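User: Please go through some points of helix packing, chain contact and strand pairing, with the criteria stated.

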Amino acid sequence: MKNQDILDSVVASFHKITQKNEQVITIDSVRDDVDGWDSLNHVAVMVDLEKTFGFRFQAEEIRTFASIQQICDAISQRKK
Amino acid sequence: MSDPVQIHEVATARVWVVSDFPAQFVSNNLSDCLACSVEVQSLTEVEFSLFEEFQGEHPDWVVVLSGHKSFEVAHFSSTEAGTGMVGPTHANRLAGVVDQLLARHSCTVLIGTLPDMDDGVYGSRARQYPESLRSQALAFNQALIDYAGQTNSVRILDIGLLWTALGKEAFHPGIFYSTRISWSIDLSIRVAEVIAAHVSCDQGQVSKCLILDLDNTLWGGVIGDDGLERIELGELGNGRIFVEIQRWAKKLKQRGVLLAVCSKNEMEHAKLPFEEHPDCVLTLDDFAAFEANWESKVENIQRIQSLLNVGFDSLVFIDDNPHERLFVRSQLPDVKVPELPEDPADWLPFLAAGNFFEVSQVTTVDLDRTTQYQQASMRFTEQQRFTDEADFLNHLQLRSEVKPLDSFSLPRVAQMTQRTNQFNLRTTRYTEEKLAEMMDDPRFSVFTFSLRDRIGDYGIVGIYMLEETPRGLFIDTWLLSCRVFNKTLEHAMLNHMVGQARERKEHLLIGEYLPTAKNKPVAELFSDLGFTPDRDRWLLPLADWKNFNSHVEIQAASSNRRA
């Protein structure tokens, strides 16, 4: 799976969950840059991505993800 | 209130969600589930330990949710301490907190159960060991069920049932260990939906009638083409599926839901299986209305709605044909039309899980409802013989028994305040608890009117509640079942109200009409009855008032000697 496709899905998920479709999210965005990335929306995004990609994140990943890059890497590892 | 076109919203439900784990996914989704019908004013999540001290605005509903992971911790501590019986102890402590809450607030409490759970410590035999996690969780549930059985204000929220339906998707360990959120988002949404169903149901949004198509819905095949021997019902083809669907409808009917047929068919073909097929579970007696013809389903559903005189939003329509479903949905958006799965084998699990028939309480009146609608159709036939309405009403020999509210009529009265939408002047919904308080309050007079005629007994069909105010007697509630409109019972009720007012040495009756989307039939009632408008109220001075002539003869019950 192409990295760009993964990034697009991750960004789409953040847009949907935070209900802010216009905000610019890039591969370099971190938690503080993304408006609405609070602890509840974090969980909602995790679950949304799990449904999109068909696997479950590990507890440590859910706990430590703090950037778009980390999330994309975790997905691309499983979707080689 | 002075603007007559302003629509009075039926109610605002204030819900507290109380949980021993972060349950925001329940409370957040609850607002979405309820947005269409009631506004959730405040959702407050508190810990059980703080619950007793919690001072919020008066709640209408309190939802108490126990997380299975917190229960595991409590179970572990109790095993360490050597007691082990954490289930009943935990449940009793919860019951104590709820009792204190109910002493302060008149509200309905929904208590969540624990799911089927175990930790494998006793292998596969956990159920045989009372101290096992599994046995204690079940003991917790049983203690809660016993507690809920003792009071009408407490209901069980069957988390176990929702959990089982979701299986592995009910719990997300990774999220739990990162956040302490014990339920998956999917489970939280399902729980929110069920809470919303309880609230809407008590607000009067109850499914009262199941309308069924026939061909390929109650049997396989087309009766008009295939004939009695070749429709699939019983052992033939998909016949077992349709037998079960009929059993399901029959059980709903036994619980008080009305059944009706809406089918494109010749009447004689449509009736044949119910009369002659050996495996047909439903009989013609089970249906309150039977429309089989070649007109559109929308017209037939409209006819059923007007015959039964219930709201479109209380109808559920089941049809195998997606085009018919789409058509009905587009023309009658209030009717619930389940989007059935393609394979009939999947229908029952789908319908069972869909919660289309939420219950607030079942009363004995529900159980004879179909009989009553059949009697209504006999009355209709008799009416054809009379050209004059008054002659017909006299012929019916209408008699009404009046009783003050008592503990026997309490459930029916609560239900009527919750379900009556048309002849309902103020649409105030009451719970049994609130009514019990009013029963003991001398400022209130609450009377029930039952009605019978030469054809049958309607049961309790009318209620009024008067409240003493400095200015005069205020009509807090006045309602009449839609089955007894146009029988002049409202005149007999007003006569009785006036008698009651005079007995209390009052000289003024004060009425109020709060318009809703559904109570237009009584918009002119006070004016028709001779009340005079006074800003947003209606007044009836009693000094020179003369009784109406009513076709209903009032019979006082023993405890009340008024005529």
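Questions and answers on these topics follow.

Analyst: This is a predicted model, where local features need pLDDT of at least 70, side-chain atom pairs count only at pLDDT 80 or more, and totals for chains, interfaces and linings use all residues. Residues are numbered from 1 along each chain as its sequence is written, and chains are lettered from A in the order in which they are written.

User: Which helix gives the largest share of the side of chain B that touches chain A?

Analyst: Residues are in contact if their C-beta atoms, placed from the backbone, lie within 7 Å. The contact takes 9 residues from chain B and 12 residues from chain A. On the chain B side, the largest share, 6 residues, comes from residues 173-179, helix α7 of chain B.

User: How many bridges join β13(B) to β14(B)?

Analyst: Strands pair if DSSP finds at least two bridges between them. A hairpin through 4 residues joins β13(B) to β14(B), and B:T448 has B:I463 in β14(B) as its bridge partner. The two strands run antiparallel, and the number of bridges joining them is 9.

How values were computed: Two residues are in contact if their C-beta atoms, placed from the backbone, lie within 7 Å.
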